[in-house]
Amino acid sequence: MLTLASKLKRDDGLKGSRASATASDSTRRVSVRDRLLVKEVAELEANLPYEGYYQGGKFQFETEVPDAYNMVPPKVRCLTRMWHPNITETGEICLSLLREHSIDGTGWAPTRTLKDVVWGLNSLFTDLLNFDDPLNLEAAEHHLRDKEDFRSKVEDYIKRYAR
């Protein structure tokens, strides 16, 4: 987040040194977007609950916020390798609110924020952990076959990749 805060300070410095008539609508729109993101990220500093299979793991996600945010959802990818039915080992994520159009009606809407994305990602580790409609079919079948071995493999991945 320091990078975004630094960018905003730099942008403010540049605005003072050039006439506002030369600033494009695009620059102003990105600046408003960046300010919105700073506000949202500041709200996310609250502690998230940790429970379930993935307790104790530290998982990193990469979020790309497009220029058209918040009319379109951010693109999110998991950077931490894990054994999860809704996240592939290569980082693809199955979470309906990250879809621009969702069959179940819970997809992205302009009223959603990055806070919703973080809470949605957190839910994938607790109450939205979905074995019935998996993205990682092998992980879901593993859980159905042998819950204790699944838990053991999750713990092994956490020890190896999420500390």
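Modeller: Of the chain's 163 residues, 37% count as buried, meaning under 20% relative accessible area, with exposed over 50% and partly exposed in between (1.4 Å probe, protein chains only). This is a predicted model, in which local features need pLDDT of at least 70 and side-chain atom pairs count only at pLDDT 80 or more, while totals for chains, interfaces and linings use all residues. Residues are numbered from 1 along each chain as its sequence is written, and side-chain values use heavy atoms, with hydrogens and water left out.

Colleague: How many helices and strands are in the chain?

Modeller: The chain has five helices and two strands. Helices (H or I, at least four residues) and strands (E, at least two) are DSSP runs, numbered from the N terminus. In order from the N terminus, the elements read α-α-β-β-α-α-α.

Colleague: What makes Tyr53 and Tyr54 an edge-to-face aromatic pair?

Modeller: Rings of Phe, Tyr and Trp (its six-membered ring) pair if their centres lie within 6.5 Å; planes under 30 degrees apart count as stacked, over 60 as edge-to-face and the rest as tilted. The count by this rule is 10 aromatic pairs. For Tyr53 and Tyr54 the centres are 6.4 Å apart and the planes are at 75 degrees, which makes the pair edge-to-face.

Colleague: Why is Tyr53 called buried, and why Tyr54?

Modeller: Tyr53 has a relative accessible area of 16%, so it is buried. Tyr54 is at 3% and therefore counts as buried. Ring pairs also link both into a cluster with Phe59, Phe61, Phe125, Phe131 and Phe150.

Colleague: Why is the pair of Tyr157 and Tyr161 edge-to-face?

Modeller: The ring centres of Tyr157 and Tyr161 are 5.4 Å apart and their planes stand at 65 degrees, so the pair is edge-to-face. Both residues belong to helix α5 (residues 147-161), where they are four residues apart, about one turn of the helix. Tyr157 has a relative accessible area of 7%, so it is buried. Tyr161, at 29%, is therefore partly exposed.

Colleague: Why are α4 and α5 called oblique to each other?

Modeller: Angles under 35 degrees count as roughly parallel, over 145 as roughly antiparallel, 65 to 115 as roughly perpendicular and the rest as oblique. Helix α4 (residues 137-145) packs against α5 at about 135 degrees, with the axes 5 Å apart. The two helices are therefore oblique to each other. Axes here are lines fitted to C-alpha atoms, for helices over the stretch in contact, and angles run from 0 to 180 degrees between N-to-C directions.

Colleague: Which residues make the contact between α4 and α5?

Modeller: Contact means heavy atoms within 4.5 Å. On α4 the residues are Ala139, His142, His143 and Arg145; on α5 they are Lys147, Asp149, Phe150 and Lys153.

Colleague: What makes Lys153 lie over the face of Trp83?

Modeller: A charge sits over a ring if NZ of Lys or CZ of Arg is within 6 Å of the ring centre and within 35 degrees of the ring normal. Lys153 is 3.8 Å from the ring centre of Trp83 and lies over its face.

Colleague: Why is Val154 called buried, and what does Val154 touch?

Modeller: Val154, in helix α5, has a relative accessible area of 1%, so it is buried. Not counting residues up to four places away in sequence, Val154 touches Tyr53, Tyr54 and Trp83. The C-alpha atoms of Val154 and Trp83 are separated by 5.5 Å, although the two residues are 71 apart along the chain.
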